[in-house]
Amino acid sequence: MNEISQTRPPQYHHFILLVWEERDADGQHLTWRFSLQDSQKEERIGFKNFEELTVFLESWMKSSSEADSNKKEMSK
């Protein structure tokens, strides 16, 4: 069999990303804020900056991949 036929179909995870700009009383840009809402759990997580968002996503992807790997090992 070729490599493509042995791969599992992709697993999709849906998040709703909210992005908003905070401004001071004069209307000047202060910062960007972010939040993610998990469409399956309906929980919302807020982030003070883009770095916090990316750290969360990297951690989430790693733990999600590890959980899938553990499931495969247990089913063998």
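Which side chain meets that of Glu22 in a salt bridge? Select Glu22 and Arg33: their side chains meet in a salt bridge, at 3.3 Å from N to O. Glu22 lies in strand β1 and Arg33 in strand β2, so the pair ties together parts that are 11 residues apart in sequence. A salt bridge here is a side-chain nitrogen of Lys or Arg within 4 Å of a carboxyl oxygen of Asp or Glu.

Before going on, note that this is a predicted model, in which local features need pLDDT of at least 70 and side-chain atom pairs count only at pLDDT 80 or more, while totals for chains, interfaces and linings use all residues. Residues are numbered from 1 along each chain as its sequence is written, and side-chain values use heavy atoms, with hydrogens and water left out.

**Stop 1: the whole chain**

The protein chain has two helices and three strands, and from the N terminus on the elements run α-β-β-β-α. Helices (H or I, at least four residues) and strands (E, at least two) are DSSP runs, numbered from the N terminus.

Now switch to a surface. The protein chain exposes about 6,700 Å², of which carbon and sulfur atoms supply 53%; the areas come from the Shrake-Rupley method with a 1.4 Å probe, and for residues only the protein chains shown count as cover. Of the 76 residues in the protein chain, 9% are buried. Buried means under 20% relative accessible area, exposed means over 50%, and partly exposed is in between (1.4 Å probe, protein chains only). Take the contacts between residues at least 6 apart in sequence: 14% of them join residues at least 24 apart. A contact means heavy atoms within 4.5 Å.

**Stop 2: the sheet**

Select residues 15–23 for β1 and residues 29–38 for β2. The two strands pair in the antiparallel sense over nine bridges; pairing requires that DSSP finds at least two bridges between the strands. Along this pairing, Leu18 stands opposite Ser35 in β2, and the bridge partner of Arg23 is His29. Five residues lie between β1 and β2 in their hairpin, and Gly27 in the turn has a positive phi of about 85 degrees.

Seen together, the three strands make an open sheet in the order β1-β2-β3, with antiparallel pairing. β1 and β3 stand at the edges, each with a single partner strand, so one side of each is left without a neighbour in the sheet. The twist averages 20 degrees from one strand to the next, taken between axes that are lines fitted to C-alpha atoms, for helices over the stretch in contact, with angles running from 0 to 180 degrees between N-to-C directions.

**Stop 3: charged side chains**

The structure holds two salt bridges. Return to the opening pair: Glu22 is partly exposed at 29% relative accessibility, and Arg33 is partly exposed at 23%. Then select Glu21 and Arg23, whose side chains meet in a salt bridge at 2.9 Å, N to O. Glu21 is partly exposed, at 27% relative accessibility.

**Stop 4: aromatic rings**

There are three aromatic pairs in the structure. Rings of Phe, Tyr and Trp (its six-membered ring) pair if their centres lie within 6.5 Å; planes under 30 degrees apart count as stacked, over 60 as edge-to-face and the rest as tilted.

Select Phe15 and Trp60. Their ring centres are 5.1 Å apart and their planes stand at 80 degrees, so the pair is edge-to-face. The pair links distant parts of the chain, 45 residues apart: Phe15 is in strand β1 and Trp60 in helix α2 (residues 50–75). Phe15 is partly exposed at 26% relative accessibility, and Trp60 is partly exposed at 23%.

Finish with Phe47 and Phe56, a tilted pair at 5.4 Å centre to centre, with 50 degrees between the planes. Phe47 is buried, with a relative accessible area of 8%, whereas Phe56 is partly exposed at 22%.
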